[in-house]
Amino acid sequence: MTRYVVIGGGAVGATVAAQLHLAGTSSVLVARGAHLAALRENGLRYVRPDGTTTVPVPVVGGPDEVDLTGDDVLVVATKAQDVEGVLAAWAWLPVVGHDDPAAAVLPVVLLQNGLDSERTALRRFATVFGAVTWSAASHLHPGEVVSPTSPIASVFWIGAYPSGTHPALAALAADFTAADLATQVVPDIARWKAGKLLAILPNALTAVYAPSALRDAAAEAIRAEAGAVFDLVGQPVADFPAESTIDLAGFAVRPIPGKDRPGASTWQSVARGAPVESDFLNGEIVLLARLHGGTAPLNEAVLRRVHQAVAAGVAAGSLGDEDLARLLPLVEVP
């Protein structure tokens, strides 16, 4: 029986592990810090629209607590900035019954935003699956994850990296879908990842700036700049509504009293005082532009400002239009 070793106990990882566990599919969740301590003591407090459940998903603190077997699938659910360390820690572990290490024997699934994680994994792992993740889950308190969409808890588009198909993907998609983690296998995952990246580039803006018409205009401006960079480098972009075969009507946010979703993943990181993944979102656009002789000044400015705000301890969503106008003086409200 396949066991999913979900590395990263935040909103996305805990949701995946919990849904698999509740569906009767073997999973283990790798967490750390206060979250790990709370999970070990009380289990996962899993808040859903139909009620709150304590999910006794097995939890460990790291690779030294897991004996890998050939039936395992590694699912990396950390933020993109943590992927290199995770892969280095897990790639060369022994696998029971095999002479070769995990990197040669086991598939690894990358659930991060951005375009970098799969390339990083391919340096070590022979079988790499990339994924686009849609999730409205939030993790703000140790031991608790709120997953407000129902009946589908999360949506995934998954494919072999850099492209093509793999026989293990059908079984993975079946396991996920049976656990209300709707999954579509795609043959060109990089194109889908690029589409997700365009959609979430404003995360850095929404993490530190209050809602406003200027913030909306800035979001469109950095997306337009990113689109121009993709054109420059020849990166195609998937059209999710047109190309998805998943019935997204089931991925609907339901009200949970007292548990309104406060913000996207970068907002949650700022709120917790954790590192942000913007280097791999806006920073990816900056990198692509520079590698091909271009520039991305708007995304560069936003990347710089979110890091300054985090370093200064700015509260999530607390900056206003005056600060944003200084940062992006050429952006105007239509």
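Visitor: How many aromatic pairs does the structure hold?
Guide: Welcome! This is a predicted model. Counting the aromatic pairs in the structure gives a total of seven.

Visitor: How are the planes of Phe156 and Phe176 set in their aromatic pair, stacked or edge-to-face?
Guide: A pair of aromatic rings is described by the distance of the centres and the angle of the planes. For Phe156 and Phe176, the centres are 5.5 Å apart and the planes make an angle of 70 degrees. Planes over 60 degrees apart count as edge-to-face, so the pair of Phe156 and Phe176 is edge-to-face.

Visitor: Are H7 and H9 roughly parallel or antiparallel to each other?
Guide: Helix H7 (residues 189–200) packs with helix H9 (residues 213–233) at an angle of about 155 degrees, and their axes are 9 Å apart. Angles over 145 degrees count as roughly antiparallel. H7 and H9 are therefore roughly antiparallel.

Visitor: What residues, by class, make up the contact of H7 with H9?
Guide: From H7 come Ala194, Leu197, Leu198 and Ala199, which meet Arg223, Ala226, Gly227 and Phe230 of H9. By class, the contact has six nonpolar, one polar and one charged residues.

Notes:
Residues numbered from 1 in each chain as written. Predicted model: local features only at pLDDT ≥ 70, side-chain atom pairs only at ≥ 80, totals over all residues. Heavy atoms only, no water. Phe/Tyr/Trp six-rings, centres within 6.5 Å; stacked < 30°, edge-to-face > 60°. Axes fitted to C-alpha atoms, helices over the stretch in contact; angles between N-to-C directions. Helix = DSSP H or I, 4+ residues; strand = E, 2+ residues; numbered from the N terminus. Parallel < 35°, antiparallel > 145°, perpendicular 65-115°, else oblique. Contact = heavy atoms within 4.5 Å. Nonpolar A, V, L, I, M, F, W, Y, C, P; charged D, E, K, R; others polar.
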